[in-house]
Amino acid sequence: MIHKPKHSVLMDKIGSRQHSPNLLLTIQFFIAIVVFLSVSYSQASWNDPYSEVNSDKKVLYSNFGTPPKHLDPVVSYSSNEWAFLGQIYEPPLQYHYFKRPYSLQPLTLKSMPEQHYFDEQGNILASDQSAKAAFTEYHFYLRDDVRFQPHPAFVKQGEQFLYHQLSAEQLQSISSINDLPQAVSRKLVAADYVYAIKRMALRQNHSPILDSMNQYIVGLKEFSDDISKRYEEQLKNSDKSVKVSYFDLNAYQIEGVKIHSDSHFSIKIKGLYPQFLYWLTMNFFAPIPWEADKFYKQKGLVEKNITLDTSPVGTGPYYLAENNPNQVMRLKKNPNFHDEFYPDDGLPYDANQLLLADAGKKLPLIDEVVYTLEKESVPLWNKFLQGYYDASGVSSESFDQAVSISSVGDIALTDQMRDKGIQFLNAVQPSIFYLGFNMADPVVGGYSEQQQKLRQAISIAINYEEYISIFLNGRGIAAQGPVPPGIFGFDEGSYNPYVYKEVDGRIQRRSIDEAKSLLAEAGYPGGKLEDGTSLKLYYDTSATGPDSQSRLNWYRKQFAKLGIELVIRATDYNRFQSKVRGAKVQLFSWGWNADYPDPENFMFLLFGDNAAINTNGAGINSANYDQAQFNELFTKMKRMPNSEERLQIVQQMTEIVQKDSPWVWGLHPKSLVLYHSWLQNVWPNSLANNTLKYRNLDSEARADKQQRWNQPVLWPIVLVVVLILLSIVPLMYAYRQRQMVKVGVSVNLKQRGGR
Amino acid sequence: MFAYIIRRLFYAIPILIGVNFITFALFFMVNTPEDMARAQLGAKQTTPEMIAAWKQERGYDKPLFFNTQANAENKVIDTLFVQESIKLFKFDFGQSDSGRQISADIYERMWPSLAIALPTFIIGLVTTIAIALLIVLFRGSPLDTATMILAVTIMSISGLFYIIAGQVLFSKIWHWVPISGYQPGLEGVKFLILPVFIGVFAGLGTGIRWYRSIFLEEMNKDYVRTARAKGLNDLSVLNGHVLRNGMLPILTGVVVVIPTLFMGSLIMESFFGIPGLGSYTIDAINAQDFSIVKAMVFIGSVLYIIGLVLTDISYTIFDPRVKLS
């Protein structure tokens with residue numbers, strides 16, 4: 001007698017039913033899935049978007065919202081591009097990480113540049129006679145330990161460069177610059193900085209600052225005209241495009257830019273222009289090795305999008321190891337980075353002193369940085385909460401989840417954020433967003449007292465404190481003049497007396513009644529014209545989307561407080577720009593981010609010579625403000641180094657424009673950055689672009705929290721499996737019933753037919 | 001059939017010229033070359049000299065459709081439209097206005113687009129047909145009614161909702177898959193699960209209703225009655241007869257879509273961080289990069305024409321009565 005095991009009997013019973021083997025297989029399949037999921041449960045998080053797991057290395061995970069278009073330092077003039085370039089290239093100077101007001105320090109130089117002053121005849125002047133200078137010459141002495149990142153462009157075989165004429169065979173096997181087998185470094189020399197200026201001068205490279213620098217650097221314009229023409233001829237003769245036609249800039253010299261030795265060069269500028277030093281912190285003046293320029297002009301590389309515009313060659317703390325602007329950008333530590341150490345000074349006494357924990361350590365502190373393209377705010381924010389991004393901004397959708405505003409306007413984190421150990425950084429940006437009056441307009445423009453009063457009345461009526469509260473969640477401060485906080489000339493204690501007044505020791509916006517009386521004095525009592533109709537003003541804007549409607553309605557309401565009818569003229573950005581350039585607007589909104597921390601960089605937006613109407617649309621003074629006294633003071637202030645006298649001039653200029661009110665001063669925005677507890681040394685420095693080297697992080701703490709925060713939830717899978725199984729059974733039953741009914745019907749029919 | 005295909009391809013030339021003409025006219029109606037230069041060079045410090053140099057280098061200093069300065073036939077030939085169109089017809093897309101090689105970009109970006117679009121298309125098609133067949137099998141039952149209500153509900157909700165809800169549910173709350181991102185190769189499968197699932201789910205409503213009506217129409221035809229009379233069960237009738245005959249109208253809508261799959265999906269790619277072609281055109285329009293816009297419109301038109309030709313050819317495969325001549 002053969003005894004079957006119990007489970008076999010059970011199987012037989014199940015198997016004896018129709019369709020049961022299939023059902024059994026299905027059950028086994030789902031059980032296998034559940035077992036697999038259970039096993040996986042203990043493994044790494046399923047939703048981890050990164051494949052590499054290397055706890056030995058410190059890897060910072062960040063994101064970018066717009067793919068960088070240009071990584072050629074002579075072309076790039078966009079903050080999203082400088083976020084990368086600032087880590088790769090090194091101009092001669094940089095901003096001190098901590099010090100405020102912003103302070104310059106040498107980066108690749110042994111010391112700050114020496115300045116020599118000359119008169120018209122070329123005679124050297126003493127420092128105390130610098131005000132009379134017709135020329136200023138800056139001398140730069142380079143450090144000895146600065147080297148470029150390893151790069152194939154430098155590789156030599158004997159006297160020849162190995163990769164400067166790549167064969168079709170070599171090109172076939174590469175998709176990025178890292179695919180070439182050899183790469184070597186080279187020491188930074190003065191000629192690299194001079195070469196960068198020469199590249200800037202080549203008109204075909206489209207450097208955005210060439211025309212500005214032409215005004216200052218001696219001989220640059222002549223040099224630019226000459227080489228651009230020669231290059232044009234070369235292009236015509238060779239029938240090649242700019243991308244693949246190398247022009248030997250080493251053969252030509254700029255009169256005011258000289259190489260004295262491998263470690264010493266000088267730049268001579270016209271007159272006095274103290275702000276020139278700030279330009280030397282920007283990537284336009286970063287060194288470019290001529291070998292790289294020549295290397296990247298190979299047609300085969302250009303066809304693969306491997307150019308100096310996509311594959312930078314720098315001396316900075318990082319090099320670009322992967323450039324996929326549509327997906328991921330990866331920076332890795334430059335093995336040749338020179339000695340630079342975390343600062344131990346300059347931190348304000350009231351700041352968190354833990355920021356000095358890494359003082360004296362060699363930079364950079366992080367090994368690798370991975371930037372992922374993240375266009376939408378929802379996934380970005382959720383990844384940050386999951387711990388997959390180390391820091392994040394706060395979009396309007398997630399603002400309430402992240403931040404609470406107290407009754408006095410103070411920003412604090414919500415409990416959910418605090419529970420995760422998230423911290424935040426909140427700083428006023430050196431920027432201004434304003435509403436401009438076209439001073440050339442017969443109604444809102446002009447310099448008479450009546451016209452001033454109309455603009456002052458409107459300035460009072462537009463309540464920017466309310467705007468900041470409603471539309472920016474409190475992230476901004478109302479501006480009192482053109483100069484933002486943190487910039488020389490900004491006076492913390494002062495306010496715009498034409499819009500605000502002091503009541504019981506507090507500064508408050510003047511009342512609408514005061515605005516109305518100003519309006520009446522301006523000739524528009526109750527916002528009416530002489531014929532009794534409402535004063536109608538026109539506001540041009542490129543904000544045409546549905547999101548903008550609430551803002552535009554808000555503006556209408558502000559003007560309606562005075563009885564003025566505001567007509568919105570919405571148009572696309574191109575037409576809007578064109579109208580502003582042509583002074584065909586009455587009111588418009590615009591903004592400006594500081595290029596450098598100097599009041600000149602804001603006051604020049606109101607300098608008469610820069611008025612759009614005086615420059616055929618090329619000037620940046622969009623309000624067309626042109627006031628003789630202001631212009632005179634600007635010309636004087638522009639040439640001066642920071643001093644008490646300069647401060648007084650800036651304040652005098654501010655008072656003039658406050659009275660004339662060519663802008664409703666608008667607001668200075670506040671940045672709000674959230675970051676996880678494992679990210680260290682986070683300090684706001686809006687003007688420096690190379691601050692990544694100071695960051696540090698605790699990757700073990702991050703891995704631990706990521707694991708804890710991202711355990712997969714399995715019950716929904718079990719539920720889905722059960723539901724599927726439960727639905728299969730009745731379906732099969734129903735199908736069989738239908739078939740049996742039909743069979744029954746057909747049998748009956750046959751039986752009837754048989755009779 | 002070969003002659004037919006050749007003839008259709010020749011017909012495509014005037015269509016492509018027309019599409020190209022409209023693209024040029026519409027784009028330059030909204031953006032002038034000066035606007036384009038400003039968009040590329042940046043708003044700060046831009047001077048007329050820089051704009052002139054930029055336009056000259058890219059050929060935007062030429063008149064758009066008619067060159068009054070040129071002689072004889074060059075009045076038409078030496079224009080931006082003709083010069084750029086000739087390059088397009090040679091599939092020489094050149095550089096984008098920001099200086100990147102468009103062909104290289106398209107080649108690089110089409111694979112991620114396909115990685116989402118192809119599985120979404122295939123799984124979506126199979127799932128939709130299977131569900132449509134199932135409810136046709138149970139037509140008139142509560143299951144049929146419930147599925148139709150569900151289908152209409154799915155259709156009525158915005159695709160954006162499914163994306164955001166899917167990301168919140170499957171990634172944020174249940175932690176099953178990464179919320180966004182992309183990697184090539186097998187590593188990338190985990191990034192594709194959610195967008196493909198959402199793509200399939202969002203398309204279920206329309207697909208089920210459409211295919212159900214096709215199959216129901218077939219179910220009422222004589223050949224089905226004959227098949228049943230021969231004693232075939234419902235499953236055999238559906239699989240062996242209804243599905244095969246229902247494929248013809250399905251092909252009309254499906255084959256034409258296949259070549260355009262690689263053009264990608266704008267919203268899906270944007271939300272899931274997939275570096276595909278979906279956002280390439282929109283990004284180019286926003287950046288006023290005409291070189292990319294005209295290349296992508298041209299490729300889209302070519303693919304659509306190819307899709308129509310393929311549809312015609314597929315008719316002959318599935319319906320022997322159809323002859324192309």
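Which residue is the bridge partner of Tyr61(A) in β13(A)? The partner is Val370(A).

Before going on, please note that this is a predicted model, in which local features need pLDDT of at least 70 and side-chain atom pairs count only at pLDDT 80 or more, while totals for chains, interfaces and linings use all residues. Residues are numbered from 1 along each chain as its sequence is written, chains are lettered from A and ligands numbered from 1 in the order in which they are written, and side-chain values use heavy atoms, with hydrogens and water left out.

Strand β1(A) and strand β13(A), residues 368–373, pair in the parallel sense over six bridges. They belong to an open sheet of four strands with mixed pairing, in the order β1-β13-β12-β11 of chain A. Here strands (E, at least two residues) and helices (H or I, at least four) are DSSP runs numbered from the N terminus, and two strands pair if DSSP finds at least two bridges between them. On average, neighbouring strands of this sheet are turned by 20° against each other, direction ignored.

**A second sheet**

Chain A also has an open sheet of five strands, with antiparallel pairing and the order β5-β4-β6-β10-β9. Within it, β4(A), residues 114–118, is joined to β6(A), residues 135–141, by five bridges. Phe118(A) stands opposite Phe135(A) of β6(A).

| Sheet (chain A) | Edge strand | Edge strand |
|---|---|---|
| β1-β13-β12-β11 | β1 (residues 59–64) | β11 (residues 318–324) |
| β5-β4-β6-β10-β9 | β5 (residues 124–125) | β9 (residues 257–261) |

**Where the chains meet**

How many residues does each chain bring to the contact? Chain B gives 67 residues and chain A gives 64 residues, where contact means heavy atoms within 4.5 Å. Together the chains bury about 5400 Å², 49% of it on carbon and sulfur atoms; buried area is the accessible area (1.4 Å probe) that two parts lose on being put together, summed over both.

There are three salt bridges between chain B and chain A, a salt bridge being a side-chain nitrogen of Lys or Arg within 4 Å of a carboxyl oxygen of Asp or Glu. Asp283(B) forms one with Lys375(A), and their closest N and O atoms are 2.6 Å apart. On the side of chain B that touches chain A, the largest share, eight residues, comes from helix α3 (residues 48–58) of chain B.

Technical notes:
Axes fitted to C-alpha atoms, helices over the stretch in contact; angles between N-to-C directions.
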